[in-house]
Amino acid sequence: MQLEIFEDHQGLSDAAASDIIELAKIKPSATLCLASGETPRLTCQLLVQKVKNENLDISRLTFIGLDEWVNIPPDNEGSCHYFFRNELFSPLGIPEKQIHLFDAMSDKLQDECRKMDAVIRNKGGIDLMIVGIGMNGHIGFNEPGVSFDNYSHVIDLDDTSLSVGQKYVKTKVSLQKGITLGLRHLLESKKVLLLANGKKKAEVIKKTLEDNLTNSFPASIMQKHAHGIVMIDEEAASLLNQHK
Ligand code: PGA
């Protein structure tokens, strides 16, 4: 695992977007897994700009959504569907057949999980995965205590995810469960970028990098990934020993 520290959110988002562009050039049929949320929003926006500026054809890339809130409909602005449609798929005109998002409204969520696992397997794995980190150390909805051996699964959200989640879902809806790729997918991805910015992420970044590897803090799994890069800004790096 490597650590890269950037001056600000713009810097790390630009680097992450450039990584996607580079991959799309080397392997136009690559499989990309992206997280939604405040952290990767700027990466998505910069990616849209770069693709347009370079007139790059990315119609053969496969897009996988990292997770989704169970029972939150795709037209709810707090859903991951809504985020991806607005920030990425519509602006770039990504063909529907290239998009794979969990249907979290399905009454057969286990089937959704197996379907997603099959898509990833049939593609020969994920080439690049870009994730954020939650205030409880989760990646996607891999909540504290989750097994590192899981592929896609449905999980009860922990209290931190439930309360932080209200910031995305503006209307009153009941959040309880999430559907998510598993940490085994992360370990098997050819490359993973974990992005974090701002002072409020400094504590969780310190734990990710300096505490022991443990499933009670899922993001510590990054320590195990040979091609994992933690990309953070100066504020998120402010509590690291090497930075003091
Ligand atoms: P954020 O979410 O990017 O909106 O901070 C991170 C997460 O909970 O995974």
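The model is a predicted one, in which local features need pLDDT of at least 70 and side-chain atom pairs count only at pLDDT 80 or more, whereas totals for chains, interfaces and linings use all residues. Residues are numbered from 1 along each chain as its sequence is written, and side-chain values use heavy atoms, with hydrogens and water left out.

The buried residues of α2 (under 20% relative accessible area, with a 1.4 Å probe and protein chains only) are T39, P40, L42, T43, C44, L46, L47, V48, K50 and V51. These buried residues pack against α1 (9–26), α3 (80–92) and β9 (192–196), where contact means heavy atoms within 4.5 Å. After α2 comes N55, whose phi is positive, near 50°.

An open sheet is formed by 3 strands in the order β4-β8-β7, with antiparallel pairing; two strands pair if DSSP finds at least two bridges between them. Its edge strands, each pairing on one side only, are β4 (67–69) and β7 (153–156), and the twist averages 25° from one strand to the next. Between β7 and β8 (residues 177–180), the antiparallel pairing extends over 4 bridges, and D156 has K177 in β8 as its bridge partner. Helix α4 (residues 109–122) lies across β7 and β8 and runs at about 130° to β7, given that axes are lines fitted to C-alpha atoms, for helices over the stretch in contact, and that angles run from 0 to 180 degrees between N-to-C directions.

Terms used:
Buried < 20%, exposed > 50% of the residue type's maximum accessible area, 1.4 Å probe, protein only. Helix = DSSP H or I, 4+ residues; strand = E, 2+ residues; numbered from the N terminus.
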